[in-house]
Amino acid sequence: MGIHRLNHAVLYVSDLARSVAFYSDVLGFRPVAMTPDGFRGATFLQAPDSTNDHDLGLFEIGAGAGRSTAGRSTVGLYHLAWEVDTLDELAATAERLAAAGALAGTSDHGTTKSLYGKDPDGLEFEVVWLIPADLLDDTALAARKQIGRLDLDAERQRYGGQTRGGVGISVPA
């Protein structure tokens with residue numbers, strides 16, 4: 001089986017309108033008209049610049065739903081990671097997440113520069129920029145074995161704010 005990328009994710013949410021607003025307003029997703037007739041309580045979203053049919057499905061299960069305990073007391077998914085093209089885009093996303101009170105943390109994984117956010121239901125996600133293959137060096141590769149503090153300004157000085165990430169890794173060269 002030759003899997004080459006995640007096609008879409010589906011999340012159960014307590015309040016569909018609130019979640020659609022969050023993913024649209026904060027992360028730029030846009031609803032796509034593909035909910036089957038007669039099916040209520042679901043919205044499908046496409047990420048900005050995506051050519052995918054949809055990238056995220058949200059299914060409402062109601063306000064009485066408990067918060068996920070995955071990783072604390074049950075098994076389950078920890079987070080999803082979405083890739084952005086540039087460090088400038090990563091920085092703008094950090095600002096939007098912070099303004100929404102949804103920025104849970106940042107980290108430098110050597111070859112990847114990451115933001116962590118939480119949606120209105122507390123479901124965690126990652127937004128990541130990958131160093132392009134031709135810019136990888138021994139320092140970045142060695143740093144994959146530790147989690148460092150992310151300094152976005154320093155990373156933009158080093159790699160350039162508009163350098164397209166993931167080229168030769170997740171994006172064909």
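Reader: At the start of H1, what does a side-chain oxygen of Asp 15 reach?

Author: That oxygen comes to within 3.2 Å of the backbone nitrogen of Ala 17. A polar contact is a pair of N or O atoms within 3.5 Å; within protein, one must be able to donate a hydrogen and the other to accept it, and residues adjacent in sequence count only if both atoms are side-chain atoms. This is a predicted model, where local features need pLDDT of at least 70 and side-chain atom pairs pLDDT 80 or more, while totals for chains, interfaces and linings use all residues. Residues are numbered from 1 along each chain as its sequence is written, and side-chain values use heavy atoms, leaving out hydrogens and water.

Reader: What makes Tyr 23 and Phe 29 edge-to-face?

Author: Rings of Phe, Tyr and Trp (its six-membered ring) pair if their centres lie within 6.5 Å; planes under 30 degrees apart are stacked, over 60 edge-to-face, the rest tilted. Here the centres are 6.0 Å apart and the planes meet at 80°, so the pair is edge-to-face.

Reader: How do you know that Tyr 23 is buried?

Author: Its relative accessible area is 1%, and buried means under 20% (exposed is over 50%, partly exposed in between; 1.4 Å probe, protein chains only). Phe 29, at 5%, is buried too.

Reader: What makes the pair of Trp 82 and Phe 125 tilted?

Author: Their planes lie at 45°, with 5.7 Å centre to centre. Trp 82 sits in strand S5 and Phe 125 in strand S8, 43 residues apart. Strands (E, at least two residues) and helices (H or I, at least four) are DSSP runs, numbered from the N terminus.
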